[in-house]
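This report looks at how one protein chain is packed inside. Keep the sequence and the 3D view open while reading.

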Amino acid sequence: MTGAASQAYGEAWYWDERYRKESGPFDWYQKYPALAPLLRLYVRPHQRLLLVGCGNSVFGENMVHDGYQDVVNIDISSVVIEQMKKKYHDKPQLKYTKMDVRNMSDFESGSFDAVIDKGTLDSIMCGQNSQEHAAKMLGEVNRILNDKGVYIMITYGDPSYRLNLLKDLQFWTVKLHVIADRWERSSKKTWDLTEPLPLHDDSTSIINLLGPKPDVHYIYVCIKDNDSARVDLKTEVNEADN
């Protein structure tokens, strides 16, 4: 992927053009079966879920097949949203809406139990004014989550990058899980997806656990908990800064 293309990841025209050419389904980073054990820990089948930057992924379809009953999907591309509406017109559990994750004003505050993000924040971080746009996205995610709602972010961003981003907002209590990159060889060390890694130390402790260049995706589970979340996260990131 060229630098110019990655700079356009936050732009609707880029994704419209891409989805006109690539109509087949594609899942960024991880597919649902691999993540299902972790999602089951934090998200109940009856809860209302939002998949941001859904693209033409079958992730939502897989969730419905696994018993989830209310899966809302948004994407900045009107092209892919129309494709997905047609594809799933007979599945009322799946809903598709064109929307920019940085402005989700069509959703009421506190109207979702969980938000799942596979690579959407990463895409925004590739573009111009990335910090500003990331803060807008995370602020909107926090707004639409109800009390104790959970934001699950699957990313390549290790704690030395992502915790600093989350620190400035202080919206939630954060847990870190990891899952092997899909290209990782089975002979390499793997980690229990359902067991969070310690975040009470600085990022060097994570490097000591995983190695300097681990073949993993990081999964940040951010639980909205207003006052206590701000205290807990502030403590963690202050220790990480020392």
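The sections below cover the model, its cores, one histidine, the salt bridges and the cavities.

## The model

This is a predicted model, in which local features need pLDDT of at least 70 and side-chain atom pairs count only at pLDDT 80 or more, while totals for chains, interfaces and linings use all residues. Residues are numbered from 1 along each chain as its sequence is written, and side-chain values use heavy atoms, with hydrogens and water left out.

## Nonpolar cores

A nonpolar core is a set of buried Ala, Val, Leu, Ile, Met, Phe, Trp, Tyr and Cys residues joined through side-chain atoms within 4.5 Å. Buried means under 20% relative accessible area, exposed means over 50%, and partly exposed lies in between (1.4 Å probe, protein chains only). The largest nonpolar core has 38 residues, and Leu39, Met63 and Ile219 have the most contacts inside it. Helix H3 (residues 32-42) gives the largest share of this core, 6 residues. A second, separate core has 37 residues, including Met99, Ala134, Val174 and Leu210.

Helices (H or I, at least four residues) and strands (E, at least two) are DSSP runs, numbered from the N terminus. The buried residues in H3 are Tyr32, Leu35, Ala36, Leu38, Leu39 and Tyr42. The buried residues of H3 pack against helix H4 (59-65) and against strands S4 (112-118), S5 (145-155), S6 (172-180) and S7. Contact means heavy atoms within 4.5 Å. Leaving aside neighbours within four places in sequence, Ile219 has contacts that include Leu35 and Leu38, as well as Ile152, Leu176 and Leu193.

## A histidine in strand S7

His217 lies in strand S7 (residues 216-224). Is His217 buried or exposed? His217 counts as buried because its relative accessibility is 0%.

The side chain of His217 makes a polar contact with the side chain of Tyr156 (3.2 Å). A polar contact is a pair of N or O atoms within 3.5 Å; within protein, one must be able to donate a hydrogen and the other to accept it, and residues adjacent in sequence count only if both atoms are side-chain atoms. Leaving aside neighbours within four places in sequence, His217 is also in contact with residues including Tyr29, Gln30, His177 and Asp181.

## Salt bridges

Side chains of opposite charge can pair when their charged atoms come close. A salt bridge is a side-chain nitrogen of Lys or Arg within 4 Å of a carboxyl oxygen of Asp or Glu. The whole structure has 11 salt bridges. One of them joins the side chains of Asp70 and Lys95 (3.0 Å, N to O). This pair links distant parts of the chain, with Asp70 in strand S2 (residues 70-75) and Lys95 in strand S3 (residues 94-98), 25 residues apart. Lys95 is partly exposed, at 36% relative accessible area.

Another salt bridge joins the side chains of Asp122 and Arg162 (2.7 Å, N to O). Here Asp122 is in helix H6 (residues 120-126) and Arg162 is in helix H8 (residues 159-169), 40 residues apart. Asp122 counts as buried at 9% relative accessibility, and Arg162 is buried at 8%. Salt bridges that share partners also join Arg48, Asp70 and Lys95 into one network.

## Cavities

On a 1 Å grid over the protein atoms alone, a cavity is a set of points where a 1.4 Å probe fits but cannot get out; lining residues have an atom within 4 Å of a point. Grid points are joined across faces, edges and corners, and a volume is the space filled by probe spheres set on the points. There are 2 cavities of 30 Å³ or more.

The largest cavity has a volume of about 130 Å³. Its lining has 14 residues, of which Gly53, Cys54, Ser57, Phe59 and Lys118 lie nearest its centre.

Methods:
1 Å grid on protein atoms, 1.4 Å probe; cavity = no way out; pocket = protein on both sides within 12 Å on 5 of 7 lines; lining within 4 Å.
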